[in-house]
Amino acid sequence: MAFLEDYEKIQRIGEGAFATVYKVRHAQLDYIRALKVSKGYIEDTDDKAWQTFMAECKMLLRIGNGSHPNIVRIYQPRLLEHRAVVEMDCVEGESLHDYVKNTGFVPAEEFYNFAHQIVGAVAYCHVDLYKFQMDPVKDHLTPDPNDGRKYIVDAEKEKELIEKYGVVHNDLHSANIIRRDYDGQYVLLDFGLAIQDTHCVKSSSRFDGAIEYCAPEKLERGLVQPASDVYALGILLYEVLAGQVPFPFSYEDGTSPESARNRVYQQHLHDTPPAILPMRAAAFEATHPGQTYAVWPRTPPTAISTPRSCSKTSKKR
């Protein structure tokens, strides 16, 4: 079926308040990508909706300068048939949220890979991004006399560049991370609430991101900083180990959404998260009937190393 002239629609992948994402094939060049298509009618490039869309795309294109393997790449945005569209890598897989829900939790060996990849992606946004965005003229950089390809960046200048170019994702949660099918790699998506140089891009309908992952100061004062992402990373690491976030947001008991939101906020302020091991054991035993979850103590570093396992009846750690 012809789709926005240049594309053949294969399937709908997902939908948000502002746009729908499709898996498409380019009609002439035959490559497959994900295509984000705005829902609303856009008159021309002066339309406010187009300007908001372009602000998010520009940020993602700049983030892509370093080609980080665990951050989704986008390509040139366009206005087609009065719709804002942009191509993205088509990451075949399932969200981390669904993966954890289906498996109960992330196995220990995979947890280390997840932590390395996603923490690395966030660190790249917070710190290393300046290396791929700095402007020698505008940033008043001095060429290195020993290597003309480099510039002198001392600690003070580096701090300045990190503050200018670093990006706070501002919406880290398990539905914004895809576990790729063919290699199990994790890819970070959706920078629709991201902040760079104090400017926020908001194409998302959510005001401040998923409540279960929000740092208290973000909920209380609207303060968003790199530490906000670090706090959300802690929630993510807890979630993949325990099988759920420490303080779930729910109002199925008849509580109003606002009351449920305040309850989660108060829990983040005052409560200690439930211990991970009992939750991990319960998740394992719920998905493995008849098996018992157990973890043998680690062998002391000075002793002869021996294989470690859960128990004779269990298959995951």
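Reply: Start with the hairpin: three residues join β2 to β3. This is a predicted model, in which local features need pLDDT of at least 70, side-chain atom pairs count only at pLDDT 80 or more, and totals for chains, interfaces and linings use all residues. Residues are numbered from 1 along each chain as its sequence is written, and side-chain values use heavy atoms, leaving out hydrogens and water.

Strand β2 covers residues 7–15 and strand β3 covers residues 19–26. They pair in the antiparallel sense, over seven bridges. Strands are DSSP runs of E with at least two residues, helices are runs of H or I with at least four, and both are numbered from the N terminus. Two strands pair if DSSP finds at least two bridges between them. Tyr7 stands opposite His26 in β3. Gly14 has Val21 of β3 as its bridge partner.

Now the other neighbour of β3. Strand β4 (residues 32–38) runs antiparallel to β3, and seven bridges join them. Arg25 stands opposite Ile32 in β4. The hairpin of β3 and β4 has five residues between the strands, and there Asp30 takes a positive phi near 75°.

How enclosed is β3? Seven of its eight residues are buried, so the rest of the structure largely encloses β3. Buried means under 20% relative accessible area, exposed means over 50%, and partly exposed lies in between (1.4 Å probe, protein chains only).

Next, a loop residue. Asn170 lies between β10 (167–168) and β11 (177–180). Asn170 is buried, at a relative accessible area of 5%. Its side chain makes a polar contact of 2.7 Å with the side chain of Lys218. A polar contact is a pair of N or O atoms within 3.5 Å; within protein, one must be able to donate a hydrogen and the other to accept it, and residues adjacent in sequence count only if both atoms are side-chain atoms.

Last, a helix pair. The axes of α3 (residues 108–126) and α6 (residues 226–242) come within 11 Å and cross at roughly 170°. That makes α3 roughly antiparallel to α6. Axes are lines fitted to C-alpha atoms, for helices over the stretch in contact, with angles from 0 to 180 degrees between N-to-C directions. Angles over 145 degrees count as roughly antiparallel, under 35 as roughly parallel, 65 to 115 as roughly perpendicular, and the rest as oblique.
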